[in-house]
Amino acid sequence: MAHKPSSKQLILEYFLQTIGKVLESKDIQKASGGVVEWARRVRELRNEDGYQILSHRDRADLKPNQYLLETIERVPAFARDISKETRSLVLERNGYTCQMCGVAAGDPDPLGGNRTVRLTIGHIIDKSKGGDDSMQNLRAVCTTCNEGLQNRAMPKPDRIYLLAQIRKATIQDQEAVLNWLLQKFKLEVREKK
Ligand SMILES: [Zn+2]
């Protein structure tokens with residue numbers, strides 16, 4: 001006998017095929033194979049699997065029987081367990097910079113498009129390997145690194161290389177680096193002449 005997809009899988013497939021479209025309850029139920037508990041499966045996709053399925057509780061323009069998945073991007077369950085306060089402390093401690101690839105929040109996305117870099121919180125030692133949710137085990141990572149989309153857990157750049165790069169850069173870029181460093185070390189930002 002062929003493996004029959006679960007109602008949850010059927011609902012997920014339906015959402016993934018209709019990203020960005022507002023779906024009606026009756027169509028979701030139909031896609032699920034007509035199960036009675038389709039709404040519970042939607043909740044599981046959202047709360048356990050991290051799919052950002054929006055409802056009228058998230059968006060005023062959605063009616064109570066409407067749902068919308070805008071992105072395949074998932075929010076890992078652990079990220080929702082960590083308090084807002086801890087998250088902002090970790091981001092601040094890490095200077096709003098991805099600790100894997102070095103991009104900063106608001107930079108243009110290195111993968112292109114019109115997106116800017118967004119940061120999330122990741123574990124240094126994975127929870128599956130015994131890591132916990134303490135501040136010491138958390139770090140800022142960009143959503144790209146967090147999803148493992150780029151293999152750029154780069155080693156820290158060597159000082160000689162880094163200095164050479166900065167010496168080669170334009171005066172404007174050198175100034176930008178200087179201002180970033182002054183800000184980082186809480187010194188006065190140099191006035192532009
Ligand atoms: Zn990154």
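**Zinc site, strand pair and core**

User: Which residue stands opposite R139 in β5?

Analyst: Opposite R139 in β5 stands G122. The model is predicted, with local features needing pLDDT of at least 70 and side-chain atom pairs pLDDT 80 or more, while totals for chains, interfaces and linings use all residues. Residues are numbered from 1 along each chain as its sequence is written, and side-chain values use heavy atoms, leaving out hydrogens and water.

User: OK, and how do β4 and β5 pair?

Analyst: Strand β4, residues 119-123, pairs with β5 in the antiparallel sense, and five bridges join the two. Strands here are DSSP E runs of at least two residues, and helices are H or I runs of at least four, numbered from the N terminus; two strands pair if DSSP finds at least two bridges between them.

User: How many residues of β5 are buried?

Analyst: Four of the five residues in β5, which spans 138-142, are buried, so that the strand is mostly covered (buried is under 20% relative accessible area, with a 1.4 Å probe and protein chains only).

User: What about the largest nonpolar core, which residues have the most contacts inside it?

Analyst: C98, C101, V103, L119, I121 and C142 have the most contacts inside this core of 14 residues (a core joins buried Ala, Val, Leu, Ile, Met, Phe, Trp, Tyr and Cys through side-chain atoms within 4.5 Å). The elements giving two or more residues to the core are α5, residues 84-93, together with β4 and β5, and β5 gives the most, with four residues. There is also a second, separate core of 13 residues, which includes Y14, L45, Y51 and L69.

User: Switching to the metal, what coordinates the zinc ion?

Analyst: The SG atoms of C98, C101, C142 and C145 coordinate the zinc ion at 2.3 Å (donors are N, O and S atoms within 2.8 Å of the metal, or 3.2 Å for Na, K and Ca).

User: And what angles do the four donor atoms make?

Analyst: The angles run from 103 to 116°, and the site is tetrahedral, a label given to four donors if all angles lie between 85 and 135 degrees.

User: How are the donor residues spaced in sequence?

Analyst: The spacing is C-x2-C-x40-C-x2-C. C98, in the loop between α5 and β4, and C145, in helix α6 (residues 143-146), are 47 residues apart, a pair that links distant parts of the chain.

User: Why do C98 and C145 count as buried?

Analyst: C98 counts as buried because its relative accessibility is 2%, and C145 is buried because its relative accessible area is 5%.

Definitions and conventions: Buried < 20%, exposed > 50% of the residue type's maximum accessible area, 1.4 Å probe, protein only. Tetrahedral: all angles 85-135°; square planar, octahedral: opposite > 155°, others 65-115°.
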